[in-house]
Amino acid sequence: MAQLLITGGAGFIGSHTCLVLLEAGHQLLVLDDFSNSSAVALERVAELAGVRLQRDQPTLRAAPETFTLVEGDIRDAQCLDALFASATTFGQPIEAVIHFAGLKAVGESVQQPLRYWDVNVVGTQRLLSAMDRHSCRTLVFSSSTTLYGYPDQVPIPETAPIQPINPYGASKHAAESLLANLAGCSGNTEPIQASEGGWRIARLRYFNPVGAHPSGRIGEDPNGIPNNLFPFITQVAVGRRPQLTVFGDDWPTPDGTCIRDYIHVMDLAEGHREALHSLLNADPQLLTLNLGSGQGASVLDVVKAMEAASQRPIPYRIAPRRPGDVAITLANPTLAAEHLYWRTQRSLTDICRDGWSWQQANPQGYIRQT
Ligand code: NAD
Ligand code: UD1
């Protein structure tokens, strides 16, 4: 089993993936600056996995442990060097990195493009430089459906044009391009390409990650008012917010509301495990894969499914369309199924049941403390 560095492992997708990777027997070193998360999430991951969470300083790591948390920034080259070096000193060099750390709010990216490029692009570049210095050349990268902008076709294949429409999307595109350059591969032509320099890289383009671990112990805990549909709906169900605003009922869809491809976060976490195992057992290559279900649900479908899961009404009002929205996004998930033997297992009903368990048990989310 491998020693892995997980950047942003305390966040929503990272925490669920840490659990899946611990259950698969890997040793994890998490690097997070807690700018959008709490260490409580990882304490709960440790409890679910039946392991101890060791908290360390980058330069003062006490001993190799199954699950170690280091507070630090991916842009801090000294911190990264110390992590790679200490792992090697313990005789367990870091074999691969799963890189979740980043900023993800579209509206905020329009207000603060420099900050988004700094964390998402410069941060990724610093991480890759440190990996290169320490001869660790296996990486799973968090990319997004946001790259497809206003898609020309749905379901969307990996070969669809890349046309980001906001700074967040542009920063993910830049990071993806850097990864392709590093692997000596050409742009977005082939989703599976042989790479150079020993790099094994998976660029995973997530559709809409939602839901929570079925225990209700870990889940999504956005700061402030949620921008995204699913956490907003669960907060209405639990009484934190009076009603949902539905952005438009005049879209060219059967019920007039937008359709998305919602993917259970546990399916997504398992997709990371499969992508990692595939890379570790393959010749150097650059993989680019959609991770989605291929199934669409409208905003009103999600409202109804959450009403059924929570046994509570979800009041809503119709408002004008949200600028930048797309009527329908849907993954073509065929390639991930063929290449990773992975496909989603969980339905919208499962998503709402588990998302509701988390929200009901943690109405205020994690208590924000590191
Ligand atoms: P999240 O905000 O919950 O997790 C990101 C984590 O990275 C947080 O724990 C945060 O504290 C940490 N972080 C941020 N900047 C950092 C830095 N400079 N140094 C160290 N740690 C830092 O987000 P998430 O939903 O778990 O998303 C994880 C990744 O997946 C992100 O890169 C995001 O862009 C991408 N993604 C998310 C979605 C989504 O809808 N959630 C969709 C597509 C892609
Ligand atoms: C979001 C991101 C996008 C990212 C995608 C997948 C934004 C603006 N875009 O978009 O970059 O690639 O997730 O992670 O954050 N809705 C409401 N009321 C609400 C919130 C949302 O009606 O309060 C509607 C939206 O108009 C949309 C649907 O619900 O039709 C889903 O919205 P959201 O959860 O924000 O996801 P995306 O629009 O796919």
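Which backbone atom of Phe207 lies 3.4 Å from an oxygen atom of ligand 2? Select Phe207 together with ligand 2: the atom is a backbone N or O. This is a predicted model, in which local features need pLDDT of at least 70 and side-chain atom pairs count only at pLDDT 80 or more, while totals for chains, interfaces and linings use all residues. Residues are numbered from 1 along each chain as its sequence is written, chains are lettered from A and ligands numbered from 1 in the order in which they are written, and side-chain values use heavy atoms, with hydrogens and water left out.

**Ligand 2**

Taken alone, ligand 2 exposes 730 Å², and the protein buries 86% of that (Shrake-Rupley method, 1.4 Å probe).

Now display the shell of 20 residues around the ligand (a residue is near if one of its heavy atoms lies within 4 Å). The closest are Asn228, Leu229, Thr245, Arg260 and Asp325. Strand E10 (244-247) gives the largest share of this shell, four residues. E9 and E10 each supply at least two. Helices (H or I, at least four residues) and strands (E, at least two) are DSSP runs, numbered from the N terminus.

**Helix H11**

Select residues 348-361, helix H11. Its 14 residues reach 20 Å from first C-alpha to last, close to the 20 Å expected (1.5 Å times one less than the number of residues). Ser347 caps the N-terminal end, with a side-chain oxygen 3.3 Å from the backbone nitrogen of Thr349. Colour the buried residues (under 20% relative accessible area, 1.4 Å probe, protein chains only): among them are Ile351, Trp356 and Trp358. The buried residues of H11 pack against H2 (39-49), E9 (208-210), H7 (229-237), E12 (262-264) and H9 (299-310) (contact means heavy atoms within 4.5 Å).

**Helix H5**

Move to residues 113-133, helix H5, with 21 residues and a reach of 29 Å, close to the 30 Å expected. Centre on Val122, where H5 bends by about 25° (the angle between axes fitted to the seven residues ending there and the seven starting there). Its buried residues include Tyr116, Leu127 and Met131. Their cover includes E1 (3-7), H3 (77-89) and H6 (167-182). Finish at Ser135, which follows H5 and has a positive phi, near 55°.

Conventions
Buried < 20%, exposed > 50% of the residue type's maximum accessible area, 1.4 Å probe, protein only. Polar contact = N/O pair within 3.5 Å; in protein donor to acceptor, adjacent residues only side chain to side chain.
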